[in-house]
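Hi,

Here is the structure I promised to pass on. Have a look at it first, and then read my notes below.

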Amino acid sequence: MLADVLSATVPSVVPAAVAVIAVDGEVVAAEAAGDLVRYTDPDGTLAPVRPPARRDSVFDLASVSKLFTTSAILSLVAEGRLDLDAPVAAWLPAFYADRPHVTLRHLLTHTAGLQPTHRVDHVPPAARMDTVLATPITSPVGGPYLYTDVGMVTVGRIAEIAGAAPLDELVRARVTAPLGLTDTAYRRLPFREDTAPLPLSEDAGPSRESRVSAGPGNAPADVARIAKTECHRAVGEVHDETAHSLGGVAGHAGVFSTADDVLRFGEALRLGHLPLTDEMTREHDVKNAPFRHGLGVRIGDPAVVGPLTDAFGHSGFTGTSLLVDRAHRLTVVLLTNAVHPVRGRPGIRELRHAVAAEALQIVSRP
């Protein structure tokens, strides 16, 4: 039973968890367990008020956000505004003129040779995005595989330029609104010194001021419904350091959502209801990856899929994951706040495997 899977790991592995499993689009199992805010400090002091996790609780998706960015940019490709195999320099000449072989496909398959991360929290706010875009290539273009948040931040910036709108608006207009995902959105950080409005890059594109200013419709839910991450982050603030430095909106992280909204998004991918889904989810023959790779999506990731060896999707550092298995007609969502009160606790891999195994057991019943 899914309830047993969660109760065996809450709160020892994760303080809160929500899992939803669907077969042919119909929810066949859904459970919530734990507390959205359980601790007051990194030492594990229990909070005096601990709101319970519910099925409609909101979690920081972390790198599952990459799937939303990918879907948004593929919609621009489908419209002819972008070309997967055109040089990135066509859109970011100030940063890629000297590396003309890098394409959007390279960025989406993590084969652009970019380093995994580039912390910019100590860079003046006005220079943060440009600092990320200027990250040097340190490995061969075209492979081997090197997972990089920098590449997906760059994808997000290209989407803004080609789509003539900030990334959060593009994701809303092209992905979440058409699918009716009313509890899914970036949470822009309120204006303050360390997230001051970012000016236009040297390359053409929209101002990024809107991504750091509070406004109506910005948050996917009230704070009382949101699971807390590490203790140094306020409830509802994005956990990822780079996304936080960029004002809460970035191509690699920053989306908040509920399990049911993520499930509907996964179903759209399963059924091909978003542009170029087949291209997104096919294997792209990426060298030396520990799993098969599509565009922005992992196929058969052993850290997540358990017995669903052909499932595609993504995981997030905060303890989230989305799996879609077309052969078994399954969509599996697990949202947790595994980084509360601190990161690095063991057991999230095993929890992901257990939820996937429960999904397979459900669909295999006569």
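This is a predicted model: local features need pLDDT of at least 70, side-chain atom pairs count only at pLDDT 80 or more; totals for chains, interfaces and linings use all residues.

If you want to follow the pairing residue by residue, G316 stands opposite T320 in β9, and G313 stands opposite L323 in β9.

On its way to β10, the chain makes another hairpin, this one between β9 and β10 with four residues between them. R329 sits in the turn and has a positive phi of about 65 degrees. β9 and β10 also pair in the antiparallel sense over five bridges, and L322 has V333 as its bridge partner in β10.

How many residues of β9 are buried? Six of the six are, so the strand is largely enclosed by the rest of the structure. T320, L322 and V324 point one way from β9, while S321, L323 and D325 point the other way, and all are buried.

These strands belong to an open sheet of seven strands with antiparallel pairing, in the order β2-β1-β10-β9-β8-β7-β6. At the edges stand β2 (26-34) and β6 (292-293); each has a single partner strand, so one side of each is left without a neighbour in the sheet. The helix α11 packs on the sheet, where it touches β1 (16-23), β2, β8, β9 and β10. The direction of α11 makes about 150 degrees with that of β10.

**The largest pocket**

The largest pocket holds about 440 Å³ of space. Of the 25 residues that line it, the closest to its centre are S63, Y147, D149, D240 and F317. The elements that give two or more residues to the lining are α8 (241-245) and β8, and β8 gives the most, with three residues. What is the make-up of the lining of the largest pocket, in nonpolar, polar and charged residues? Its residues divide into seven nonpolar, ten polar and eight charged.

**Backbone details worth a look**

Most residues other than glycine have a negative phi, and most peptide bonds are trans. The following places depart from that pattern.

- A cis peptide bond joins G143 and P144, with omega at about 10 degrees; P144 lies in the loop between α5 (128-133) and α6 (149-163).
- From H340 to P341 the peptide bond is cis as well, with omega near 5 degrees. P341 has its place in the loop between β10 (330-336) and α11 (348-364).
- A62 has a positive phi near 55 degrees, although the residue is not a glycine. This alanine is found in the loop between β3 (59-60) and α2 (65-78).
- A164, which is not a glycine either, has a positive phi of about 55 degrees. Its place is in the loop between α6 and α7 (167-179).

Are A62 and A164 buried or exposed? A62 counts as buried because its relative accessibility is 7%, under the 20% cut-off. A164 has a relative accessible area of 60%, which is over the 50% cut-off, so A164 is exposed.

Best wishes

Conventions
Residues are numbered from 1 along each chain as its sequence is written. Side-chain values use heavy atoms; hydrogens and water are left out. Buried means under 20% relative accessible area, exposed over 50%, partly exposed in between (1.4 Å probe, protein chains only). Two strands pair if DSSP finds at least two bridges between them. Contact means heavy atoms within 4.5 Å. Axes are lines fitted to C-alpha atoms, for helices over the stretch in contact, and angles run from 0 to 180 degrees between N-to-C directions. On a 1 Å grid over the protein atoms alone, a cavity is a set of points where a 1.4 Å probe fits but cannot get out, and a pocket is an open set with protein on both sides within 12 Å along at least five of seven lines; lining residues have an atom within 4 Å of a point. Grid points are joined across faces, edges and corners, and a volume is the space filled by probe spheres set on the points. Ala, Val, Leu, Ile, Met, Phe, Trp, Tyr, Cys and Pro count as nonpolar, Asp, Glu, Lys and Arg as charged, and the others, Gly among them, as polar.
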